Amino acid sequence: MKRRKFDAAALPAKTAGAVDDRFQVATPLRKLLNKVFPDHWSFLLGEIALFSFVVLLLTGVFLTFFYEPAMTEVTYDGSYAPLRGTPMSAAYASSLDISFDVRGGLIMRQMHHWAALLFMAAIVVHMLRVFFTGAFRKPRETNWIIGSLLFWVGFLAGFTGYSLPDDGLSGTGLRIASGIILSIPVVGSWVSSSIFGGEFPGMIIISRFFIAHVLLIPGLLVALISVHLGLVFKQKHTQWPGPGRTNENVVGERMFPRYALKQGGFFMVVFGVIALMGGLFQINPIWYFGPYEAWVVSAASQPDWYVMFLDGSTRLMPGWEISIPIGDGYVIPPLFWPTVVLPGILVGLSTMYPFLEARRLKDYKHHNLLQRPRDVPARTAVGAMAVAFYVVLTLSGGNDVIADKFHISLNAMTWAGRVGLLVIPPLAYYVTYRICLGLQQHDREVLAHGVETGIIKRLPDGRFVEVHQPLTSADGHDGHAPALDYVGWVVPKKMNRLGALGPAIRGFFYPIEKPAEAPVSPGHPPVEPRAEREEVGSGESRR
Amino acid sequence: MSTHTEHQAPQGPEPVDVNDPRLSRFEIVQEGARRDDIEIVHYEEQVVPGSKAERRLTRTVALMFLLTGVAATAFLVIYIWWPWQWEAGRGGDKLYTPLLGLTLGLALLGVGFGILTWGKKLLPKEVSIQDRHDQGGNPEDRKITGETMLYLADELGVKRRPLLGISLLAGLAPVGAVAAAPLIGGLIEQPHKNNQMFTTGFAPAEGGEKIRLIREDGRPIRPADVSVGGQLTVFPGIEGGVSNRHADSPTLLIHLREDDAQKSRAANERKGRGDFMWGNYVAFSKICTHAGCPASLYEQQTNRLLCPCHQSQFLITDNAKPIFGPANRPLPQLPIEVDEEGFFVARSDYTETIGPDFWERP
């Protein structure tokens, strides 16, 4: 029998055919390759969170190979001389070993920490983008709720994570956490002793936090992130209004090749930035803090940035205790309100917001077009109010450092925070509302009268007026261009947005292309180039 | 899937036969997009093939990829040969992690920006429009699915045979409890075992023997060891007293100046603690009554003790009453005296609860 020649060129097609025979993937794959994504820089913020999460998983797995989640007391004898001979927990000793005795361990630890900070930051910024553009409206409420939950689950991931090294700083954080749990009415002491396995600190909390940090919480995060992305995919991304864009379509690029390529490149860039930060910027130098000892703390003990708002609320809360004179007497300590009740309210408000807004506006339609923040002043102002609230709390979380660096009385900082927390958010609401209205007004003005050219014309009767360049040349009645309708998108407000300057010449040191002519839009007369003029001066040359 | 294409077909100009050999590859791609309700309305090369601009961009991208190769190689070289073990002073090991970060960062940024430039500058720009179809599902399908589910309920016949439903619930509810029981039962700890929340390491030993105050290094303390205006963190002189096993026991021993001591004594007497001080020495719990941090910043001039975590301030001369910040309860005071050998001992345990407040604190 004649042997058939092996044809390498036909191999991919043959394999693809064989795969499709078995799994029928051609049709779904075509749909996937073809899926259209709208593009805007602000749509990439959530991706930063996703990519940081991937880095977290990669570096985190590395760290588990060397970390020992145990509180058994050992005597340190690693290479970091200043701590040699110090009794400490095995967890802290192994964290020191990761930093000093595992080759490349320190950069992995620091990348892990920076990636966590970036993860939370990207979540917050992405959430603000979604909020201020109204991307959370129907049909995307579910994804908004999942997103807010991701913040809180990420918060837990961060807290359990930075408690693991069991150094002086993280032990203090744990101590405060146990105080917070104790403050819960009725069940506080039971919950605390159940979590810590007895009285604080016990011997088990580190191994419990470890399993939560490396299995339970990441599992939850992976599940939530998958559903989050799946819903973005299923419901298709929102888009800004613009030419050809409607509520019923998506205008953008197909997923392959350009969109996917850009995503891949962006992932590498995020990864690279985290690597640079992990290598160049020190974070959480646990060897300076020493092992956790219940009687040692230093000033300027701050948690990671996303926990600081809770620290701030705790600092600002006055020492109001509620005592209930029944039997031996019961207490609701002041710690309960800023650390248990406040986050509860925040979770409730943030997750329910889409429904609250829809109810208030009686708006139950599908929305796939985004809104500019200025066009919805009430929502934007509420958002600004929330941001102001958060910022005051976060700054108060570091008020001892501010007081120290700027030589302000610590008590004055606390009082400023207490007053600021009540005064600044409403102020932010009012100011934002007015700014939104002003911006709206200006958009309408430009649409009606055109762009300010900066050219002053003297009329025959001696008046001076500024020449406006109308945005349309179509003649309305009485010789003026008709006012254009606002369509929810950027209104050009500078002459070079209309092509008055012509495109920039490309090339860094020398032009690489002949400068193109300024584009002339059809039906729109080009703006005349500026006439060469002689300098009007005193006659004396300045040079 | 096939229903989709069928319903799509009448929309387009006319169905395209993808097996037509005259079709270019791009035309087939366009037809595929059309079948997914996508119209490619604009498709434009960004660089003319073979132009100077294309060659230049290709070189730029290639350069970035090569930079990645160089940086990654440098990473490996540094990883293997650079001195990395910690040594005191300013050894080369201090540069190990920064150099790793720099080379790894450059390697990743090189490939990242290379891919980005490739995608953004060299690939054709396009504008495609895809229909969303998100205004609810097909009403007929809704109806069919709804009826199917109701049909399932009918077939199960829970309505006609209620006993089945009730007995299933009655059977499953304990199963759910079985799942929860080991978790809750295993974790739960009685918080008041051995009265642990209300006692510290200073509780007198079984024989009524009083517990000494010791330093961090374990030595007992004579009054002369603390100078006037000075303070010292002290621990119960028991097994594990200077460790986190007795995290609620660390105490601040303060030697007050004469006038402050008088104020303090007067305040003590108002509270019926006339015998809590010894001479001008006073001892307060170091564990903040707010959130449990050590309240350890003692300001000698004003006799205030500040907790650095949330800035609660306690006035030592007034029974450590909270005078600023979020704390609501004074720091508990330890009654002290000096034994026959001249060392400080605790006359009894604390008379109040140590540390953060909780519901059943009396």
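Which domains does the domain assignment give for chain A? There are domain 1 (34–241 + 250–317 + 329–353) and domain 2 (450–498), with bounds that come from an automatic or database domain assignment. What you're looking at is a predicted model, where local features need pLDDT of at least 70, side-chain atom pairs count only at pLDDT 80 or more, and totals for chains, interfaces and linings use all residues. To find your way around, count residues from 1 along each chain as its sequence is written, with chains lettered from A and ligands numbered from 1 in the order in which they are written.

Let's start with the domains. In chain A, the C-alpha centres of domain 1 and domain 2 are 52 Å apart. Chain B is assigned domain 1 (2–36), domain 2 (52–130) and domain 3 (211–346). Between the C-alpha centres of domain 2 and domain 3 of chain B there are 58 Å.

Now pick out two helices in chain A: α5 (residues 105–132) and α10 (residues 255–280). Helices here are DSSP runs of H or I with at least four residues, strands are runs of E with at least two, and both are numbered from the N terminus. The axes of α5(A) and α10(A) come within 8 Å and cross at roughly 125°. An axis is a line fitted to C-alpha atoms, for helices over the stretch in contact, and angles run from 0 to 180 degrees between N-to-C directions. The two helices are therefore oblique to each other; under 35 degrees would count as roughly parallel, over 145 as roughly antiparallel, 65 to 115 as roughly perpendicular, and the rest is oblique. The crossing of α5(A) and α10(A) is right-handed, a word used if the near helix is turned clockwise from the far one by less than a right angle (left-handed if anticlockwise).

Who meets whom there? On the α5(A) side you'll find, among others, A:Trp114 and A:Leu118, and on the α10(A) side A:Ile274 and A:Met277 are included. Residues count as in contact if their C-beta atoms, placed from the backbone, lie within 7 Å. This contact has eight nonpolar, three polar and no charged residues. Nonpolar covers Ala, Val, Leu, Ile, Met, Phe, Trp, Tyr, Cys and Pro; charged covers Asp, Glu, Lys and Arg; the others, Gly among them, are polar.

Stay with α10(A) for a moment. A:Pro257 lies in this helix, and the peptide bond from A:Phe256 to A:Pro257 is cis, with omega near 0°.

Zoom out to the whole meeting of the chains: 74 residues of chain B are in contact with 92 residues of chain A. On the chain B side, α4(B) gives the most, with 17 residues. By class, that side has 42 nonpolar, 20 polar and 12 charged residues.

Four strands form an open antiparallel sheet in the order β1(A)-β4(A)-β2(B)-β1(B). β1 (36–37) of chain A and β1 (38–44) of chain B stand at the edges, each with a single partner strand, so one side of each has no neighbour in the sheet. Strands count as paired if DSSP finds at least two bridges between them. β4(A) and β2(B) are joined by four bridges, with A:Val250 opposite B:Gln130. β2(B) also pairs with β1(B) over six bridges, where B:Glu39 has B:Ile129 as its bridge partner. And α10(A) lies across β1 and β4 of chain A, at about 75° to β4(A).

Finally, find the other sheet, in chain B. Six strands form an open antiparallel sheet in the order β6-β5-β4-β3-β12-β11, with β6 (281–285) and β11 (336–338) as the edge strands. Neighbouring strands are turned by 40° against each other on average, direction ignored. β11(B) pairs with β12(B) over three bridges, and B:Val338 stands opposite B:Phe344.

Notes. Two residues are in contact if their C-beta atoms, placed from the backbone, lie within 7 Å.
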